[in-house]
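Please look through the sequence and the model before reading on.

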Amino acid sequence: MSLNNLSYAVIGVLLGLLVLALGQLVDCQNLAGATMALQCPNGNPVSKLWLIASIVIAGSGIAAWLFRNRNF
């Protein structure tokens, strides 16, 4: 496995984490006290759509990296 085009995977994972943080920001109205358990400080849960979107974005970045480094 080559490290060529590794930026696709790195950017994908970073964008996925950004979407996850934006989800907490939108649903909780702040990031203070937000946890990776996807729960606001007041106990309300963060929507699962943010988690799914984050995983899809990170997965697509990793998939692009793997696709560009495929060997036949």
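## A residue of helix α1

Val-26 has a relative accessible area of 48% and is therefore partly exposed; the term covers values between buried, under 20%, and exposed, over 50% (1.4 Å probe, protein chains only). Val-26 belongs to helix α1. Helices are DSSP runs (H or I, at least four residues), numbered from the N terminus. Between the C-alpha atoms of Val-26 and Ser-47, which are 21 residues apart along the chain, the separation is 9.8 Å.

## Basis of the model

The model is predicted: local features need pLDDT of at least 70, side-chain atom pairs count only at pLDDT 80 or more, and totals for chains, interfaces and linings use all residues. Residues are numbered from 1 along each chain as its sequence is written, and side-chain values use heavy atoms, with hydrogens and water left out.

## Packing of the two helices

Two packed helices are described by the angle between their axes and by the distance between the axes. Here, helix α1 (residues 6-28) packs with helix α2 (residues 48-68) at an angle of about 175 degrees, and their axes lie 7 Å apart. The angle makes α1 roughly antiparallel to α2, a term for angles over 145 degrees. Axes are lines fitted to C-alpha atoms, for helices over the stretch in contact, and angles run from 0 to 180 degrees between N-to-C directions.

In the contact of α1 with α2 there are 18 nonpolar, 5 polar and 2 charged residues. Ala, Val, Leu, Ile, Met, Phe, Trp, Tyr, Cys and Pro count as nonpolar, Asp, Glu, Lys and Arg as charged, and the others, Gly among them, as polar.

## Residues of helix α2

Leu-51 is located in helix α2 and is partly exposed, with a relative accessible area of 28%. The C-alpha atoms of Leu-51 and Gly-23 are separated by 8.1 Å, although 28 residues apart along the chain. Helix α2 also holds Ile-62, which is partly exposed at 35% relative accessibility.

## The loop between the helices

Pro-45 is placed in the loop between α1 and α2. With a relative accessible area of 66%, Pro-45 is exposed. Its C-alpha atom is separated by 19 Å from that of Gly-16, 29 residues apart along the chain.

Leu-38 is also in the loop between α1 and α2, but counts as buried at 10% relative accessibility. Leu-38 and Val-19 are 12 Å apart in space, C-alpha to C-alpha, and 19 residues apart in sequence.

Technical notes:
Helix = DSSP H or I, 4+ residues; strand = E, 2+ residues; numbered from the N terminus. Parallel < 35°, antiparallel > 145°, perpendicular 65-115°, else oblique.
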